[in-house]
Amino acid sequence: MRNLVIPEPQRRFLPVLGGGEFPVRRIYCIGRNYADHAIEMGHDPNKEPPFFFQKNPENADPSGEFPYPPKTSDVHHELELVVALQGGGRNIAVERALDLVFGYAIGLDMTRRDLQSEMKKMGRPWEIGKAFERSAPIGPIHPAAQVGHPEKGRIRLTVNGAVRQDGDLNQMIWKVPEMISYLSEYFDIAAGDLIMSGTPAGVGAVVRGDVMVGAIEGLGEITVKVV
Ligand code: MN
């Protein structure tokens, strides 16, 4: 029996469709994985390949509410396919990467864009723009055993009913097996890891009271209210 000197920090769990819970270990996020989003952010996808950053595991939030965060006046939505791993390792071959996937969910990589832009300008890390409290609203996980491994299909976000983001999963520059393989060259990936796979064009600001509805073909939709 371990003698903890402080209360044990609480792990985050995401509901799984059909029953059970998925414990979150790490959250990897991929940046500029859709060419049209890279271009809208002022980058050339042919010259700058996608890359990774991380959020904190406890930033994952299945509650359906997104509290407007402090120290910002420009919080953006980024609708993303979330990949949930059931296994891991290092130097995973692309051909066997999908064996490690438990399932998929719809998620939002909420971003304090004003703070992220300042950090970019100064060449500083992105955490204060990306890894803040409840910055990763994520819906229930759909087991791959039921939904397969989506390679194409509409990914679409509305805010108060108006379409903001509307793309297709087939526009991803790095496909899911490639991102798993790439990550495993740099990190020991493991069961419980989530990968947020990047966002299509159309990112934009939300304010308190807005209702975001994110949909991905085959995975239904999630509703997240900004409070
Ligand atoms: Mn993102």
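Mentor: Helices (H or I, at least four residues) and strands (E, at least two) are DSSP runs, numbered from the N terminus. This is a predicted model, in which local features need pLDDT of at least 70 and side-chain atom pairs pLDDT 80 or more, while totals for chains, interfaces and linings use all residues. Residues are numbered from 1 along each chain as its sequence is written, and side-chain values use heavy atoms, without hydrogens and water.

Trainee: In which helix does Ser 184 lie?

Mentor: Ser 184 belongs to helix H5, residues 176–186.

Trainee: Is Ser 184 buried or exposed?

Mentor: Buried means under 20% relative accessible area, exposed over 50%, and partly exposed in between (1.4 Å probe, protein chains only). Ser 184 is buried because its relative accessibility is 1%. Contact means heavy atoms within 4.5 Å; neighbours within four places in sequence aside, Ser 184 is in contact with Gly 89, Arg 90, Asn 91, Ile 92 and Ile 189.

Trainee: How many salt bridges are there?

Mentor: A salt bridge is a side-chain nitrogen of Lys or Arg within 4 Å of a carboxyl oxygen of Asp or Glu. The count by this rule is ten. One of them joins Arg 25 to Asp 193, with the closest N and O atoms 2.8 Å apart. These partners are 168 residues apart, Arg 25 in the loop between E2 and E3 and Asp 193 in the loop between H5 and E15. Arg 25 is partly exposed at 27%, whereas Asp 193 is buried at 0%.
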